[in-house]
Amino acid sequence: MVDKNIRTVTDVICPFCGTLCDDLEVDIDIREEKVVEVRNGCQIGTKKYFSSNPGEHRYNKPLIKENGSYKEVKWDEAIDKAADILVKAKRPLLYGFSSTECDAQGKGVELAELLGGILDNTASVCHGPSLLAIQDVGAPTSTLGEYKNRADLVIFWGSNPVHAHPRHLGRYSDLIRGYFRKDGASDRFLVVVDPRNTHTAQLADMHIQVNPNEDYELLNAIRATLRGVELDEEEISGVPKKKIIELVNTLKSCKFGVIFFGMGLTQTLSHHRNIDAAICLVRELNDHTKFLLTPMRGHYNVAGANQVFAWQTGYSYSIDFSKGYPRYNPGEFSSVDVLMRKEIDASLIVASDPASNFPAAAVRNMFKYPLISIEPHHTPTSVNADIILPPAIAGIECEGTAYRMDSVPLRLRKVKDPPGDCLTDKEIIERLIEAVKKKKGE
Amino acid sequence: MTEIKLKLKKEPEYPLEAEAISPDQFAGKSAIEIKKLIVYHGNEEKTLGDFFDVSGNGSEISDIKIIIDGNLSNVKRIGEKMTGGEIIINSDVGMHIGNNMSGGKILVNGNADDWAGAMLKGGELEIIGDAGHYVGAAYRGFWKGMQNGLIKVKGKIGDEALSWANGSKPAKRFPTLICGGAGSFLGVHSHGGTIIVEGDCNRCIGADQVRGTIVVKGKITRILPSFKKLGEVKEIELMNGDIIKGKFIEYSGDHSVEKNHSKIDKKTGKISNSSNGRLFVAA
């Protein structure tokens with residue numbers, strides 16, 4: 001029986017994590033434009049679809065804060081007020097962009113250039129260190145399909161895909177059958193390096209329990225052992241020398257190996273130098289066998305934000321337009337650092353929730369100055385904003401392009417209409433650009 | 001020497017980008033012309049005269065001595081790309097002091113922020129207080145960092161100082177850092193830097209060092225596993241021929257790097273320590 005009130009959309013790309021699963025099926029109740037069923041998705045991806053349904057937690061109309069409470073206003077008034085704040089600012093911060101589609105990100109670059117502001121995306125608190133390391137020593141990487149078909153040694157270093165990228169193991173890295181790996185998981189050797197006994201570690205053939213914050217020393221010891229150096233120490237970072245030698249033999253004897261690394265490597269002590277060492281290890285392993293590495297990107301389009309920013313400005317994050325041309329220096333122009341130093345005087349947050357992720361002192365400084373939030377949901381950032389501009393959720397309520405964690409662009413699909421007066425992120429930023437141009441007399 | 005005195009009259013609200021303050025920019029200009037030089041404050045273009053009182057006229061580059069008073073902790077890029085002359089700063093100073101300079105001298109009578117003397121190509125930078133991270137380091141993505149010159153920091157410095165330092169004995173380029181104490185990743189990816197630390201250091205000293213000499217007169221929190229202990233020495237010959245006397249334990253490394261010149265001989269299994277990739281720690 002086909003239910004006439006249900007519209008089914010197939011081959012939907014899931015806009016949640018960097019895995020960008022492309023096989024979802026979504027049922028929409030056409031009477032209310034509501035998601036009623038999601039098939040094939042993981043728990044978190046499915047939840048995102050249900051969260052798009054109209055309700056208490058979603059904004060329908062632009063809001064402006066007046067005397068401590070929010071007032072519903074027309075789009076024109078909200079855009080005018082927002083443009084006013086941005087034009088008056090001498091050092092505005094534009095942050096976020098990782099959970100929206102590439103066109104909106106491109107418009108974000110245009111707005112930042114127009115304002116002479118600081119442009120940053122969530123990579124600066126996520127895989128930014130990976131980008132720094134790649135700029136220093138390069139990156140031997142590949143698309144996920146190669147790993148699926150060829151990899152017989154898979155290493156997860158400082159990442160827990162069972163919880164963070166639930167379908168990664170099943171679609172690309174471990175359980176899936178590939179062209180040359182006909183038996184799926186039994187054809188692959190899974191190594192997990194993690195201080196904790198995570199659920200991914202419990203699936204592993206070898207779990208290396210490294211001491212927290214000592215990954216660099218372990219990578220260093222592995223690299224030295226690989227080059228035939230006899231280590232002086234018996235135990236490195238909590239791992240016995242014997243186990244390191246065993247691991248090195250495993251690395252050398254595989255046919256096609258891959259390291260997937262996550263926040264456990266990028267956001268612990270040593271940050272980008274961890275990735276630097278991991279890349280150098282992979283480079284040297286290619287003297288013995290085929291080896292590659294890929295970052296486990298979090299937000300579904302953070303890779304896209306890096307791509308778009310890089311192709312339009314030359315740099316992938318932490319960009320300063322104050323001199324009229326883009327300059328790049330994480331640590332100097334990255335959002336957390338400028339907020340900690342109280343350098344900014346207004347901020348525009350797009351599709352992101354820094355109040356939940358930034359250090360408390362940085363968030364406190366952000367709230368001291370006018371804050372504009374383009375955000376569909378109630379979040380700790382948006383409920384403290386002075387102006388809230390409600391967008392349609394990209395990938396659910398509007399189309400667009402997103403880049404998977406291996407930088408493969410995929411076309412997002414629209415499955416339903418947005419509630420209320422919501423515009424797309426791109427339309428909102430375009431209107432802001434128009435209003436800013438008018439105010440600047442251009 | 002002709003003295004040009006600058007006094008900060010208004011503290012900047014946002015970081016002030018003042019690459020205009022350098023003997024190269026001041027050369028041949030009168031005080032009025034110097035006041036008209038452009039500085040960047042937030043996203044606005046201002047003039048040096050908006051923030052500083054200026055007295056004195058510029059002559060030849062090598063003859064200019066700039067003396068700056070007032071709190072400069074939010075003023076960046078002083079002495080950027082300078083080729084000669086002298087700058088004396090009588091306070092703390094912001095980021096990028098003396099970056100890319102190739103000659104002359106800068107003296108900071110206070111602390112310096114991050115990237116002090118980044119990618120130095122010559123000249124001398126002296127800091128009486130502490131300095132931030134990335135002292136004399138390479139900017140993001142550069143494979144050649146500090147190539148020549150001398151940085152002296154009396155106090156402590158932060159992490160990743162002298163990264164990708166690039167020295168050469170035949171070309172007589174000896175990038176040198178002398179500091180009172182250091183953080184982690186001192187001399188990371190060094191290709192021939194000379195670093196002398198009077199006090200203690202944190203972890204990962206000399207990580208990925210291909211060539212270069214690091215002398216630590218205090219303690220190191222933890223020496224990397226890829227460094228091999230060679231034995232005790234009584235004196236050290238630096239790359240530029242200088243001798244340091246004292247009891248030190250010599251390590252060679254970093255042996256995790258393929259290009260390390262102090263590589264292990266395949267036939268004898270011995271480390272052929274050819275004056276490169278060395279770490280000395282006080283015994």
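Over all chains, the structure holds 45 salt bridges. The model shown is predicted.

**View 1. Contact between chain A and chain B.** Chain A contributes 46 residues to the contact and chain B contributes 41 residues. Between the two chains an area of about 3700 Å² is buried, with carbon and sulfur atoms giving 44% of that area. A:Lys90, A:Glu217 and A:Lys323 together account for 17% of the area that chain A buries against chain B, more than any other three residues. The interface of chain A and chain B is crossed by 11 salt bridges. Polar contacts between the two chains number 27 residue pairs, both residues being at pLDDT 80 or more.

**View 2. The side of chain A that touches chain B.** Two or more residues each are given to this side by helix 4 (128–137), helix 9 (215–226), helix 12 (271–285) and strand 16 (327–328) of chain A. Helix 9 of chain A supplies the largest share, 6 residues. Sorted by class, this side of chain A has 20 charged, 16 nonpolar and 10 polar residues.

View 3. From chain A, the network includes A:Arg91, A:Asp320, A:Lys323, A:Arg327, A:Arg341 and A:Glu343. From chain B, B:Glu17, B:Glu19, B:Arg77 and B:Glu80 belong to the network. One of the salt bridges joins B:Glu19 to A:Lys323, with 2.3 Å between the closest N and O atoms. A:Lys323 is also one of the three residues that supply 17% of the area chain A buries against chain B.

View 4. Strand 2 (residues 16–17) and strand 3 (residues 38–41) of chain B run antiparallel and are joined by 2 bridges. B:Glu17, a member of the salt-bridge network, stands opposite B:Tyr40 in strand 3 of chain B. Strand 3 of chain B also pairs with strand 4 (residues 44–47) of chain B, in the antiparallel sense and over 4 bridges. Here B:His41 stands opposite B:Glu44 in strand 4. The hairpin of strands 3 and 4 of chain B has 2 residues between the strands, and B:Gly42 takes a positive phi near 60°.

View 5. B:Ser226 lies in the loop between strand 14 (211–216) and strand 15 (228–237) of chain B. The residue counts as buried because its relative accessibility is 0%, below the 20% limit. Its side chain makes a polar contact of 2.5 Å with the side chain of B:Asp254. Residues touching B:Ser226, apart from those up to four places away in sequence, are A:Asn220, A:Ala224, B:Ser252, B:Asp254, B:His255 and B:Ser256.

**View 6. A salt bridge between A:Asp232 and B:Lys228.** The side chains of A:Asp232 and B:Lys228 meet at 3.3 Å, N to O. This pair crosses between chains: A:Asp232 is in the loop between helix 9 and strand 11 (235–236) of chain A, and B:Lys228 is in strand 15 of chain B. A:Asp232 is partly exposed, at 47% relative accessible area, whereas B:Lys228 is buried, at 15%.

**View 7. Two salt bridges within chain A.** A:Arg31 and A:Asp29 form a salt bridge through their side chains (3.1 Å, N to O). A:Arg31 counts as exposed at 59% relative accessibility, while A:Asp29 counts as buried at 8%. A second salt bridge joins the side chains of A:Arg273 and A:Asp276 (2.7 Å, N to O). These two residues lie in helix 12 of chain A, 3 residues apart, about one turn of the helix. Both A:Arg273 and A:Asp276 are buried.

How values were computed
Residues numbered from 1 in each chain as written. Chains lettered and ligands numbered in written order. Predicted model: local features only at pLDDT ≥ 70, side-chain atom pairs only at ≥ 80, totals over all residues. Heavy atoms only, no water. Pairing = 2+ DSSP bridges. Contact = heavy atoms within 4.5 Å. Buried area = accessible area lost by both parts, 1.4 Å probe. Salt bridge = Lys/Arg side-chain N within 4 Å of Asp/Glu carboxyl O. Polar contact = N/O pair within 3.5 Å; in protein donor to acceptor, adjacent residues only side chain to side chain. Nonpolar A, V, L, I, M, F, W, Y, C, P; charged D, E, K, R; others polar. Buried < 20%, exposed > 50% of the residue type's maximum accessible area, 1.4 Å probe, protein only.
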